[in-house]
Every structure is written in structure tokens, then in C-alpha cells.
Amino acid sequence: MIPDRFQNIVVMTGAGISAESGISTFRDADGLWEKHRVEDVATPEAFERDPVLVWRFYSLRRVGVAKAKPNAAHLALARYAVHCSKQGRSFTLISQNIDGLHERAQAEVTSDQKLLHSRLILMHGSLGVSRCTQCEDLFADTSAYFDESGPVQGQFSCDSRGLPLSPCCNQLLRPHVIWFGEVPLQMDEIQDAVSSCEVFVNIGTSGNVYPAAGLIQLAKQAGARTACVNKEPIPQQLSVDDYFEGKAGELVPKLFTACRD
Ligand code: BV8
Ligand code: ZN
């Protein structure tokens, strides 16, 4: 457990924290998502080349996450954020996940409390948001625009190929997610938080995708106590002080609970 004496905690999560919510991880699907190679769907070039394929891929994932629920690990982190907030301690949750389960856990746990000292940073964006490709305006949007049989009417009007158009500029909408080759969101805030924290915990990430994977080393170099909760060791294991092997749904509620010293 993390003693309450630590004032400044940062947690980084990956797909493994959502595995017990039924969302397949990148690795478990051995690098394929819904039978697609990542480079064929999660890059700006892929969107340029075949926007229908990319919207079909993200529509499928939107349907998948709509059926999923936050699990015990998501909820334990949300409760811990409230616990830290009540004690005036700083809690920053950085996630690589775009599935919306941290936001839903927070809403479930803290519908009426303002979290003064805690932050949720979604560095790879969010599946539940679409972005105008012209002016970059963002729109909450959980619509699937394609299913197996073809185009499906969603929240925003579509062009002749079934691709959604932005209400602001009448240009293509894209999923508001960070693709390979794009700069993750709020990197300055992330770097500040990680280089000034006392405790840094990786949960459910294979440590393959940068710059997210390098944050535990940054924390270690900055003098933080580091921990990792995962089903397997990570490439950055030398930067891990405390390693907890196992399922996030079981280990995270034990680790993130109030604890006098
Ligand atoms: C960028 C959104 C420049 C889209 C995603 C070095 C430095 C910088 C960049 C690079 C570099 N080397 C290479 C690069 C380029 C590239 C990269 O990292 N490539 C990899 C393939 C080598 N990085 C980029 O392009 C990034 N941008 O570099 O910009 C820059 C950088 C810094 C500053 C300025 C400029 C952008 C990358 C973002 C790509 N978008 N997602 C979408 O989702 O469709 S990545 C996506 O895949 C996820 O977001 C996540 O990041 C990654 C999957 O990783 P994990 O979450 O870790 O999931 P995985 O399945 O791999 O592992 C799950 C783990 O959980 C496993 O270990 C498993 O054992 C464990 N587990 C399973 N079940 C459980 C469990 N653990 C506990 N309990 C369980 N029940
Ligand atoms: Zn626009």
C-alpha cells in the first residue's frame, strides 16, 4: 500500500487495466486490433489513404467500449483520487487508454465531489470524441458510423461514403485519438507531473509505446519511488522498485487504499 505520507502520486495506465472489463489489449490480440495491423488503421497516413477503413475500425471499438464497464481497478483509482483530494494530496492519473473507463469510474465515484488535487490526463485522446479535420474543434461523439454491413447513420451527417462531417466546417471528422507519429496530448503537463512526483505507478502497460513507456524511467531519474502492476515484467524493469505481478482487478484495490504509515 502507498502510505498517506506521500503527497504527490502519479499513476500511468495501459490497456491491461481494462482487460478485466472485457476490452482486448493490444498485446493479447498479438498486435492486431479487430484483425487490423496498427499501421493500417492508427496513423494519419492510414486515414488519408482509407478513411472508411479507419472509421470502420473505430466504430467497432466504440461499440465494444459501450458494452464495457469500469472494473475494480478503475474504481479503486477513482476512490483513491477522492481520498487524496480530501487530504490535500496531489494525484495525477495519466492513461494511454482511449476507452473512457477512467472517466466513467470517476463519474461513478465522485458524482458530487469536486476533485481539487487530482487530474486525469488522457495522453492518447478519447474514443468518445470526434475532431474536425479542418479547425480541430472537438465534439463528444460515441456514434458508430459503420458496422459489418456498411455505413450506419450516427450523430453527425455523413458524406456519400458514410464518413461523418463536422457541424462547424462541413469537413471530415476524425476520431480524437493520437495516432502513431502524432504528438501525445498534454506532454508538458505530463513531464512536469512525472519529474516532480514522489511515487510513480505503472499499471497494465507492456511498456512498448513511447513516449508513455519512458515515463517510469523519467520518474526514477527524478528520485520517485516506482512500482509496476502487470501480468508480466516490462522492458523498463530496471527502473521498477516494487513489482506486483498479477491482475490489476485484484492488485490495484489492495495497493490503492488509505494507509497510515
Ligand atoms: C510520438 C491511440 C513524437 C490510438 C495509441 C521513441 C520516442 C518517441 C517515439 C517513438 C520512439 N520509438 C518509437 C516511437 C514512435 C511510436 C512508438 O512508440 N512506436 C512503438 C510501436 C515502438 N510512438 C509514437 O508514434 C507516439 N508519438 O512519438 O510522437 C513525440 C514524442 C514525444 C514528444 C514529442 C513528440 C504516439 C504513440 C500513440 C499511438 N496511439 N493509441 C488507438 O488506440 O487506436 S497507442 C496504443 O497502443 C495505446 O494507447 C497504448 O499506448 C499502446 C498499447 O500499449 P499498452 O496500453 O501497454 O497495451 P498492451 O496490450 O501493449 O499491454 C498490455 C499489458 O497489460 C501487457 O503487458 C499485459 O501483460 C498486461 N495485462 C493484460 N491483462 C492484465 C494485464 N495487467 C494487469 N492486469 C490484467 N488483467
Ligand atoms: Zn471545423
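A residue counts as partly exposed when its relative accessible area falls between the buried range, under 20%, and the exposed range, over 50%. Keep that scale in mind for this predicted model, where Cys169, with a relative accessible area of 24%, is partly exposed.

**Cysteines**

- Searching the whole structure for disulfides gives zero.
- Cys158 is also partly exposed, at 26% relative accessibility.
- The closest cysteine sulfur to that of Cys158 belongs to Cys132, and the 14 Å between them is too far for a bond, since a disulfide needs the two sulfur atoms within 2.5 Å.

**Helix α6 and its two faces**

- Helix α6 spans residues 187-195, and its buried residues are Met187, Ile190, Ala193 and Val194.
- These residues sit on the same side of α6 because they cover an arc of only 125 degrees around the axis.
- Asp188 and Asp192 are exposed, on the face of α6 turned away from the buried side.

**Ala78, a buried residue of α4**

- Ala78 belongs to helix α4, which runs over residues 72-86.
- With a relative accessibility of 5%, Ala78 counts as buried, as the cut-off for that class is under 20%.
- Leaving aside residues up to four places away in sequence, Ala78 touches Ala105, Gln106 and Val109.
- Gln106 is 28 residues from Ala78 in sequence, yet their C-alpha atoms are 5.0 Å apart in space.

**The enclosed cavity**

- The structure has one cavity of 30 Å³ or more, and the volume of the largest cavity is about 70 Å³.
- Ala78 and Gln106 turn up again here, among the residues that line the largest cavity.
- Others in that lining include His74, Leu77, Ala81, Phe91, Leu93 and His102.
- Ser118, Arg119 and Leu120 are also part of the lining of the largest cavity.
- α4 contributes the most to this lining, with four residues, while α4, β4, α5 (101-109) and β5 each provide at least two.
- By class, the lining of the largest cavity has six nonpolar residues, four polar and one charged.

**The largest pocket**

- The largest pocket holds about 1,100 Å³ of space.
- It is lined by 49 residues, and those closest to its centre are Gly14, Ala15, Thr25, Phe26 and Asn97.
- Helix α3 (51-67) and strand β12 (225-230) each give at least two residues to the lining of the largest pocket.
- α3 has the largest share of that lining, at five residues.
- In the lining of the largest pocket, 21 residues are nonpolar, 18 polar and 10 charged.

**The second largest pocket**

- About 160 Å³ of space lies in the second largest pocket.
- Its lining includes Arg62, Val65 and Ala66, along with Ile98, Asp99, Gly100 and Arg104.
- Ser126, Leu127, Gly128 and Thr142 also line the second largest pocket.
- Two or more of the lining residues of the second largest pocket come from each of α3 and β6 (125-132).
- The classes in the lining of the second largest pocket are four nonpolar, four polar and three charged residues.

Note on methods
Residues numbered from 1 in each chain as written. Chains lettered and ligands numbered in written order. Predicted model: local features only at pLDDT ≥ 70, side-chain atom pairs only at ≥ 80, totals over all residues. Heavy atoms only, no water. Buried < 20%, exposed > 50% of the residue type's maximum accessible area, 1.4 Å probe, protein only. Arc of directions from axis to C-beta. 1 Å grid on protein atoms, 1.4 Å probe; cavity = no way out; pocket = protein on both sides within 12 Å on 5 of 7 lines; lining within 4 Å. Points joined across faces, edges and corners; volume = space filled by probe spheres on them. Nonpolar A, V, L, I, M, F, W, Y, C, P; charged D, E, K, R; others polar. Contact = heavy atoms within 4.5 Å.
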